[in-house]
Amino acid sequence: MPKKDIGSMTLKEIENEFSSLGQPKYRAKQVYQWLRKGVSSFDEMSNLPKTLRESLCNFFDIRSIKIKKRLESRVDDTVKYLYELYDGEYVESVLMKYHHGYTVCISSQVGCRMGCSFCASGLYGLTRNLTAYEMLAQIHTAAKDNNIRVSNVVMMGMGEPLDNFENTVRFLQLVSDGEGLGIGLRHISVSTSGVVPGIYKLMEYGFPVTLSISLHAPTDEIRDKMMKINKAYNTETLLKACRDYIAKTGRRISFEYALIDGVNNSTECADILAHRLKGMLCHLNLIPANPVRENDYSRPDDKEVKRFCDMMNQRGINTTIRRTLGADIDASCGQLRKQHLNQQ
Ligand code: SAH
Ligand code: SF4
């Protein structure tokens with residue numbers, strides 16, 4: 001029988017497992033507390049008898065992760081990690097320092113099947129989903145490695161969180177647990193390329209997370225060329241889901257818009273985009289696109305990015321430019337794993 005992924009279980013689930021093994025509830029609680037501290041083996045659970053630790057190994061796996069590569073930016077405090085998973089796969093995380101504390105950008109899948117044309121994460125398709133524990137472990141490992149407390153999490157690394165829905169929900173439940181990282185859901189952003197059914201499912205949970213939508217284009221004509229998912233859920237369907245999300249949760253949506261020179265940065269694009277977002281409880285975040293060698297997109301210069309930002313603000317859309325962090329270490333997701341896979 002395959003071993004069970006105990007790190008992703010809730011306390012209740014561990015109690016049920018333990019009860020069928022004839023173990024008392026308080027043992028389940030002890031194990032749960034260790035797991036919430038981000039341990040990587042049963043051996044670390046020092047208040048458990050050795051025989052129990054040994055027997056737990058027969059039934060359960062702790063799917064911990066290892067730092068394979070660590071890149072520290074020389075221009076700011078950004079640290080980029082390439083993590084190796086228990087099965088030899090790789091994902092990336094980025095630790096960023098802001099004035100309000102530390103933010104970790106985590107991956108939700110190994111690769112991604114969405115295949116957006118500007119993104120390095122989708123270049124090799126989807127290998128597998130991450131478990132909730134593997135998402136948590138990215139935060140624990142970065143926090144321990146730098147001896148810091150992480151206050152914010154963005155699910156903007158590799159993968160599409162809403163294409164890994166169950167594990168993402170489990171992750172959100174566990175990350176906010178006070179026994180562990182205790183990161184409030186208000187300090188977490190879930191980013192999606194526009195998996196509309198996932199947006200509807202997420203709103204049913206009523207998590208007070210920030211929903212980020214990778215919009216990147218004002219029309220279907222342009223978005224179709226950048227993001228395959230637009231063929232399944234076009235901009236009208238997506239924006240309707242966003243309006244429904246806002247109506248149901250009362251929360252502001254954040255739209256991500258990677259500016260690519262000559263593709264989505266014209267005045268006409270600004271006009272259409274402003275028209276379509278007008279009146280929505282939202283914020284627009286402009287990202288100067290990071291060039292990926294496999295495509296021939298180029299980023300507009302800073303002046304052009306500022307011009308687009310000004311145009312949007314003048315048109316009544318609350319818009320800011322995302323600060324570029326770790327520019328010298330390829331801090332945009334999927335790029336480090338790509339490099340690593342290319343070297344192998
Ligand atoms: N799959 C999810 C979350 C991960 S991608 C999503 O697409 O939203 C995180 C963000 O990085 C997304 O907004 C994505 O569009 C953006 N991104 C990906 N590749 C990029 C690149 N080369 N330059 C700038 N932003 C990029
Ligand atoms: Fe996947 Fe997001 Fe990259 Fe698109 S932008 S390929 S959805 S990770």
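For the classes used here, Ala, Val, Leu, Ile, Met, Phe, Trp, Tyr, Cys and Pro count as nonpolar, Asp, Glu, Lys and Arg as charged, and the others, Gly among them, as polar. By these classes, the shell around ligand 2 has 4 nonpolar, 4 polar and 1 charged residues. The residues around ligand 2 are Cys112, Met114, Gly115, Cys116, Cys119, Ser121, Gly159, Glu160 and Ser193, where a residue is near a molecule if one of its heavy atoms lies within 4 Å of it.

The model is a predicted one, in which local features need pLDDT of at least 70 and side-chain atom pairs count only at pLDDT 80 or more, while totals for chains, interfaces and linings use all residues. Residues are numbered from 1 along each chain as its sequence is written, chains are lettered from A and ligands numbered from 1 in the order in which they are written, and side-chain values use heavy atoms, with hydrogens and water left out.

Now to the overall fold. The protein chain contains 12 helices and 14 strands; these are DSSP runs, with helices being H or I of at least four residues and strands E of at least two, numbered from the N terminus. The C-alpha trace spans about 70 × 45 × 40 Å along its principal axes.

Of the 344 residues in the protein chain, 55% are buried. Buried means under 20% relative accessible area, exposed over 50%, and partly exposed in between, with a 1.4 Å probe and protein chains only. Among contacts (heavy atoms within 4.5 Å) with a separation of 6 or more, 68% join residues 24 or more positions apart.

Valine 154 touches residues including Met96, Val104 and Ser189. From valine 104 it is 50 residues away in sequence, yet the C-alpha atoms are 6.3 Å apart.

What about the cysteines? A disulfide is a covalent bond between the sulfur atoms of two cysteines. Counting pairs of cysteine sulfur atoms within 2.5 Å, the structure holds 0 disulfides. Cysteine 282 is buried, at 9% relative accessible area, and its sulfur is 8.8 Å from the closest cysteine sulfur, that of cysteine 242, so the two are too far apart for a bond. Cysteine 57, at 33% relative accessibility, counts as partly exposed.

Note on methods:
Lists of a residue's contacts leave out its neighbours within four places in sequence.
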